[in-house]
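Thanks for coming. Please take a moment with the sequence and the model on the screen. I will talk about charged pairs, then about a pair of helices.

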Amino acid sequence: MTEKQPRVFPPDFLWGSATASYQIEGAAREDGRTPSIWDTFSRTPGKVHAGHTGDVACDHYHRWQEDIGLMAELGLGAYRFSVSWSRVQPTGRGPAVQRGLDFYRALADGLLERGITPAITLYHWDLPQDLEDSGGWPERETAERFAEYAGIVGEALGDRVGMWTTLNEPFCSAFLGYGSGVHAPGRTEPESVLKAAHHLNLAHGLGVQALRSVLPRSAEIGVTLNPVVARPRTEEPADVDAARRIDALQTRIFSGPLLHGAYPQDLLDDTARVSDWSYLRAGDESTIHQPLDFVGLNYYTPSIVSAPTDGAQAPRNDGHGSSDHSPWVGSEHVEFHLASTERTDMGWAIDPTGLTELLMRFHRELPNLPIYITENGAAFEDKVDAAGLVHDPDRIAYLHGHLDAVHRAIEQGADVRGYFLWSLLDNFEWAYGYSKRFGVVHVDFDTLQRTPKASARWYAGVVGSGRLPAA
């Protein structure tokens, strides 16, 4: 019997971790920062678990040096973080607040001093409330304001940051923010979902143009998507069509114009009863379709879907939170089914094969576009034991399986350049508040003490050796 060998990653593979501004920074009212839609949403009764807010979160705004120290201990090669738009440009318009930019300058400098590559995401869901008050993402002006903001941040940090991402998971911003209402701003307006999706796409295109105008030619610019791995429950034509519909709404509504220059016709047909798409103007798709240096892919779990089944209507088990309003505009009838496999604390099925499938799909579609896994990880019920340690074998098993899936894609020819583990720290997990822990570093939300979990030490071993040990 042949002994299993460790999987060796390419020597220049970029190992990192990721966070998002509202989830970790805190300092919600300091140095000129004004409310974002998540500040407002989290203060709305009943929207976030136990009334939790990101007012303090992990207090990263004041503890960033300690957190960089943790990254250095783990040997990380890169750190992906997002900029708080309202910390930099409080109303989403006009001049920047230098104190806000200074925070990100200091953070980037601190990372570089420890040999860690800073990777910026310009937008991770925290739209300035002033722009939402003017209509939010369903309005074209928001895309124009994003371009201005992108130029401001690019000009301020382009001399020290070489890796840039415009948007993180625009699907969640549009479909969960304006459709099901489980994310900020909590609106439930079917046509607004599609308007928001289009204007997020447009914001990306305009934002790339703005960045290119101020960044050095060596800078790399991309976008982060969370494409669905939609699997039909059976091979019956109706179930296969259900998977096609969900793929159009979560994946191709973004990858179509962003990466291929056009919205797919089946998406326009599926949503025709919701919207006439009159906000799609001549030239928009060309503006959206900017040359990119990479695409970031986030993956957690696949989706099993079907046409409606007989009997009483089942809960919508799509993994995107509970709501009486469906985010799946034009395809509300599609049913989602829980896989009968191991699950994380989020109730998401653990299935690494979906990550290999996703990577190979994008490799086939765009063989010359490098790929980064910009998020992958899992929430489990972690506790500090009497010795002050956090044992999380389930997370280690999850990460092992998914890194193995990444390596399988690389073996099959996919140009995967790096992996950003979600997340560095336990943090404010959106509508779940502080009830779900994704971090490899445990955070006591009363004392804010950081405790690296067993998974952090395990990941450090993989990072340091560039090898995934045999299972």
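First, one definition. Buried means under 20% relative accessible area, exposed means over 50%, and partly exposed is in between. Keep in mind that this is a predicted model.

Where do aspartate 241 and arginine 245 sit? In helix α10, which covers residues 237-260. They are four residues apart there, so about one helical turn separates them.

Next pair. Lysine 453 forms a salt bridge with aspartate 426. Here the closest N and O atoms are 2.9 Å apart. What does this pair tie together? Lysine 453 is in the loop between β14 (450-452) and α15 (454-465). Aspartate 426 is in the loop between β12 (416-422) and β13 (441-443). So the pair ties together parts that are 27 residues apart in sequence. Buried or exposed? Lysine 453 is buried, with a relative accessible area of 1%. Aspartate 426 is at 0%, and also counts as buried.

Now a network. Salt bridges that share partners join Asp241, Arg244, Arg245, Asp247, Arg252, Asp266, Asp270, Arg361 and Glu365. So our helix α10 pair, Asp241 and Arg245, belongs to that one network.

One more pair. Aspartate 39 and arginine 43 meet through their side chains in a salt bridge, at 3.7 Å from N to O. Aspartate 39 is buried, at 2% relative accessible area. Arginine 43 is partly exposed, at 37%. How many salt bridges are there by this rule? The count comes to 44.

On to the helices. Two packed helices are described by the angle between their axes and the distance between the axes. Take α14, residues 393-411, and α15. Their axes come within 9 Å and cross at roughly 30 degrees. Angles under 35 degrees count as roughly parallel. Therefore α14 and α15 are roughly parallel to each other.

Which residues make the contact? From α14, they are Arg395, Ile396, Leu399, His400 and Leu403. From α15, they are Ala454, Ser455, Trp458 and Val462. By type, the contact divides into six nonpolar residues, two polar and one charged.

That's my tour. Questions, please.

How values were computed:
Residues numbered from 1 in each chain as written. Predicted model: local features only at pLDDT ≥ 70, side-chain atom pairs only at ≥ 80, totals over all residues. Heavy atoms only, no water. Salt bridge = Lys/Arg side-chain N within 4 Å of Asp/Glu carboxyl O. Buried < 20%, exposed > 50% of the residue type's maximum accessible area, 1.4 Å probe, protein only. Helix = DSSP H or I, 4+ residues; strand = E, 2+ residues; numbered from the N terminus. Axes fitted to C-alpha atoms, helices over the stretch in contact; angles between N-to-C directions. Parallel < 35°, antiparallel > 145°, perpendicular 65-115°, else oblique. Contact = heavy atoms within 4.5 Å. Nonpolar A, V, L, I, M, F, W, Y, C, P; charged D, E, K, R; others polar.
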